[in-house]
Amino acid sequence: ALPISPDDSDSESESEVSESESREEETPDANADSPKSNILSREELIDLFRSYECTGDDHVLTVGLVGYPNVGKSSTINTLLQTKRVAVSATPGRTKHFQTLFVDKSLCLCDCPGLVFPTFLSTKAAMVCNGILPIDRMHEHAGPVSLVCKNIPRIAFERTYGFYLVQPPEGEDPNRAPHADELLKAYACTRHFLSRRHPTSW
């Protein structure tokens with residue numbers, strides 16, 4: 001092996017860094033031209049709308065914002081109009097009616113209530129957990145709570161809420177996720193959400 005002086009090692013490391021930087025500059029960003037990764041400003045989004053051909057006789061381009069509840073359709077419209085023209089809320093389902101608003105004489109925006117198709121896209125339990133359906137309209141709790149139990153470790157519940165979840169009975173998988181009723185009972189006991197007539201009820 002040949003001895004290498006400190007100056008030589010520094011020069012070699014500097015050359016390696018410069019070569020890696022040059023390779024990074026030459027390598028194109030795969031997501032740079034992807035429409036899914038581009039974040040547009042207000043002016044850029046309006047210019048994008050205007051790039052589409054208007055086929056109506058009134059020469060007014062109408063753009064509709066359609067999608068799941070609580071994803072920001074109304075907030076986007078308020079941003080484009082630079083004023084609060086439509087009501088927004090953190091609770092899904094705030095927009096109740098179809099609304100049309102003009103940015104100017106040639107561009108019209110349509111604000112639509114959120115559309116939900118649980119049969120085709122997802123379960124109602126997943127939509128409740130993801131904030132798509134309002135939780136105050138939930139008629140059945142076992143589905144959403146079971147989904148939460150499947151996706152969050154048992155130890156995370158115990159550390160966060162300060163209770164102890166009962167271990168699975170003998171013969172069951174000791175590492176299985178807690179059942180919905182096991183989680184709710186443990187939480188109810190910790191918060192004293194118990195019935196006076198039936199102390200074991202919650």
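Helices (H or I, at least four residues) and strands (E, at least two) are DSSP runs, numbered from the N terminus. Axes are lines fitted to C-alpha atoms, for helices over the stretch in contact, and angles run from 0 to 180 degrees between N-to-C directions. Contact means heavy atoms within 4.5 Å.

The model is predicted: local features need pLDDT of at least 70, side-chain atom pairs count only at pLDDT 80 or more, and totals for chains, interfaces and linings use all residues. Residues are numbered from 1 along each chain as its sequence is written, and side-chain values use heavy atoms, with hydrogens and water left out.

Next, select residues 73-81. This is helix H3, which also lies across S1, S2 and S3, here at about 155 degrees to S3.

**The sheet**

Three strands make up an open sheet with mixed pairing, in the order S1-S3-S2; two strands pair if DSSP finds at least two bridges between them. Strand S1 (61-65) and strand S2 (99-104) are at the edges, each with a single partner strand, so one side of each has no neighbour in the sheet. From one strand to the next, the twist averages 25 degrees.

Select strand S3 (residues 107-111) together with S1: five bridges join the two in the parallel sense. S2 and S3 form a hairpin, with two residues between them.

Which residue of S3 is the bridge partner of Thr62? Cys108 is that partner, and Cys108 is also the bridge partner of Phe102. Selecting Thr62, Cys108 and Phe102 therefore displays both bridges at Cys108.

**A helix pair**

Move on to helix H5 (residues 142-151) and helix H7 (residues 180-190), which pack at an angle of about 90 degrees with their axes 8 Å apart. H5 is thus roughly perpendicular to H7, a term for angles of 65 to 115 degrees (under 35 is roughly parallel, over 145 roughly antiparallel, the rest oblique). To see the contact, select Ala142, Val145, Ser146 and Cys149 of H5 with Ala180, Leu183 and Leu184 of H7.

**The aromatic rings**

Select Tyr161, Phe163, Tyr187 and Phe193, which ring pairs link into a cluster. Rings of Phe, Tyr and Trp (its six-membered ring) pair if their centres lie within 6.5 Å; planes under 30 degrees apart count as stacked, over 60 as edge-to-face and the rest as tilted. The count comes to three aromatic pairs. The rings of Tyr161 and Phe163 are stacked, because their centres are 5.9 Å apart and their planes stand at 5 degrees. Tyr187 and Phe193 form a tilted pair, 6.3 Å centre to centre with 55 degrees between the planes.

Colour these residues by accessibility, where buried means under 20% relative accessible area, exposed over 50% and partly exposed in between (1.4 Å probe, protein chains only). Phe163 is buried at 8%, whereas Tyr161 at 36% is partly exposed. Tyr187 is likewise partly exposed, at 31%.

**The whole chain**

Finally, show the entire protein. It has seven helices and three strands, in the pattern α-α-β-α-β-β-α-α-α-α along the sequence. Of its 202 residues, 23% count as buried.
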